[in-house]
Amino acid sequence: MSLSPKVLVMIPAYNEEQTVGRIVKSVMDLHPGFRVVVVDDGSDDGTVKNAAEAGAEVVSLPFHCGGSIAIQTGYLMAARHNFDYLVKIDADGQHKPEEVSKLLNPLLEGEADITVGSRYRTHENNNDHSTVKAGGRLFSSSLVSLFRKMEITDVTSGMRAWNRKAINVLMDQYRERKIVEDSVFWVAETILASKLGLRMKEVAIDVLPRIYGKSKSFSTDKMLMYPVRLITTLIEAVLS
Amino acid sequence: MFERYSVIGVAFALAIILLDFYLLKKRRIQGRSFALWFTIGVVLALFSTVPFLYSLLMSLYGTQEAISAVTATAFLFFLLMLLYLHTRISELQSLLMKLAMEISLIKHDREQVEQESTKVKSENTKKRKDKNERKTSRSRRKTSV
């Protein structure tokens, strides 16, 4: 019997054919013992083909459901297949696969149940060129820190890792709840995790600029609606 | 004689109720929706035939015009209806997304099992082939001896 923990690396992807194969390959080269799954969110380009060719398992959603559903599919897979740890990195090449271990270490040492990669824990490569985006991130991080009396600098960060306890607790909650909007998913989850008593720890990471295409999380309408959604999420958290 | 509005109102109410029964028979609406539209039909029929209900509404809103009272009531009713439909859509959207997640995982697991079984089958075929080859070569050797 193997004593090494079962780790699942999930890469949610929507039309990321240019980068997904490279990300999968580098995760598999760096961590040969980990299982890598690409959760395809109904892509209509070569994402599935490229991910499979690179050696990843592919879970394909039947249609474009949104990022939060792709992430929850990863949780469900980790819970169903009894993985000890789950790590999530983006398919657009902004997260460094070599930093997966950085996220896993606090979990392996039992220091936390969830680790969040923060670009603001280091002042080097945060690649935050857009003032609006950076302002939004800092504003939501400050609000959540104030609201939950916790210290979080990058609440919208999508590079995270969970241990089995966190996966199971969160999955139980998501089973009962309605679907959370993609743009506030991490904010809602951070609040939820803190309310459920899960221990969170931030780890300094570098965020690289996008290699190809445009960010799907920051369209103009999403940015305009973001403050409303953020406030709604906070109100919901107070009421629930 | 009935007023014209009463005739039109009752005709609409009857049409709604009949359509409601037809849709239920064809299983195109669920019990909850049937009950809602049946109630709407009955209320419309009542308002069309009992003028006293208008005076009740007028005194409730404090207006002298029946049309204002009816419009305000209809507006509030449709607002409630919109909220109800919105809630139902959200619930159904959540269910749809959960279903999509389940389908994708089941499909993935089935593919994994199929891949495994293909692998095992090809290994077994190879083993059988090797065994047969060994047998043949042994019998050839025996014959030559």
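In what order do the 7 strands of the open sheet in chain A stand? The legends below begin with that sheet and refer to a predicted model.

**View 1. The open sheet of chain A.** The order is S3-S2-S1-S4-S6-S5-S7, and the pairing within this sheet of chain A is mixed. At the edges stand S3 and strand S7 (200–204) of chain A. Each of these two has a single partner strand, so one side of each is left without a neighbour in the sheet. From one strand to the next, the twist averages 20°.

**View 2. Strands S2 and S3 of chain A.** Strand S2 covers residues 35–40 of chain A and runs parallel to S3(A). The two strands are joined by 4 bridges. Opposite A:Val39 stands A:Val59, a residue of S3(A).

**View 3. Helix H4 of chain A over the sheet strands.** Helix H4 of chain A consists of residues 100–108. This helix lies across strand S1 (7–13), strand S4 (85–88), strand S5 (114–118), strand S6 (160–163) and S7 of chain A. Relative to S4(A), helix H4 of chain A runs at about 145°.

**View 4. Helices H1 and H2 of chain A.** Helix H1 (residues 20–30) and helix H2 (residues 47–54) of chain A have axes that come within 8 Å and cross at roughly 20°. An angle under 35 degrees counts as roughly parallel, and H1(A) is therefore roughly parallel to H2(A). The crossing in which H1(A) passes H2(A) is right-handed. On the H1(A) side, the residues that meet H2(A) are A:Val20, A:Gly21, A:Val24 and A:Lys25. On the H2(A) side they are A:Thr47, A:Asn50, A:Ala51, A:Glu53 and A:Ala54. Sorted by class, the contact of H1(A) with H2(A) has 4 nonpolar, 3 polar and 2 charged residues.

**View 5. Helices H3 and H6 of chain A.** The axes of H3(A) and helix H6 (residues 164–176) of chain A cross at roughly 125° and come within 10 Å. H3(A) and H6(A) are therefore oblique to each other. Here the crossing of H3(A) past H6(A) is left-handed. H3(A) contributes A:Gln72, A:Tyr75, A:Leu76, A:Ala78 and A:Ala79 to the contact. From H6(A) come A:Ile167, A:Asn168, A:Leu170, A:Met171 and A:Tyr174. The classes represented in the contact of H3(A) with H6(A) are 8 nonpolar and 2 polar residues, with no charged residues.

**View 6. The contact between chain A and chain B.** On the chain A side 15 residues are in contact with 10 residues of chain B. Strand S3 (57–60) and helix H3 (67–80) of chain A each supply at least two residues of the side that touches chain B. H3(A) gives the largest share of this side, 6 residues. Divided by class, the residues of the side of chain A that touches chain B are 9 nonpolar, 3 polar and 3 charged.

**View 7. Helices H3 and H4 of chain B.** Helix H3 (residues 52–61) and helix H4 (residues 66–144) of chain B pack at an angle of about 80°, and their axes are 9 Å apart. H3(B) and H4(B) are therefore roughly perpendicular to each other. B:Tyr54, B:Leu57, B:Met58 and B:Tyr61 make the contact from H3(B). Their counterparts in H4(B) are B:Ala66, B:Ser68, B:Ala69, B:Val70, B:Ala72 and B:Thr73. The contact of H3(B) with H4(B) has 8 nonpolar and 2 polar residues, and no charged residues.

**View 8. The two domains of chain B.** Chain B is divided into domain 1, residues 1–50, and domain 2, residues 66–145. Taken over C-alpha atoms, the centres of domain 1 and domain 2 of chain B are separated by 43 Å.

Note on methods:
Residues numbered from 1 in each chain as written. Chains lettered and ligands numbered in written order. Predicted model: local features only at pLDDT ≥ 70, side-chain atom pairs only at ≥ 80, totals over all residues. Contact = placed C-beta atoms within 7 Å. Nonpolar A, V, L, I, M, F, W, Y, C, P; charged D, E, K, R; others polar. Domains from an automatic or database assignment. Axes fitted to C-alpha atoms, helices over the stretch in contact; angles between N-to-C directions. Parallel < 35°, antiparallel > 145°, perpendicular 65-115°, else oblique. Left-handed = near helix turned anticlockwise from the far one by under 90°. Pairing = 2+ DSSP bridges.
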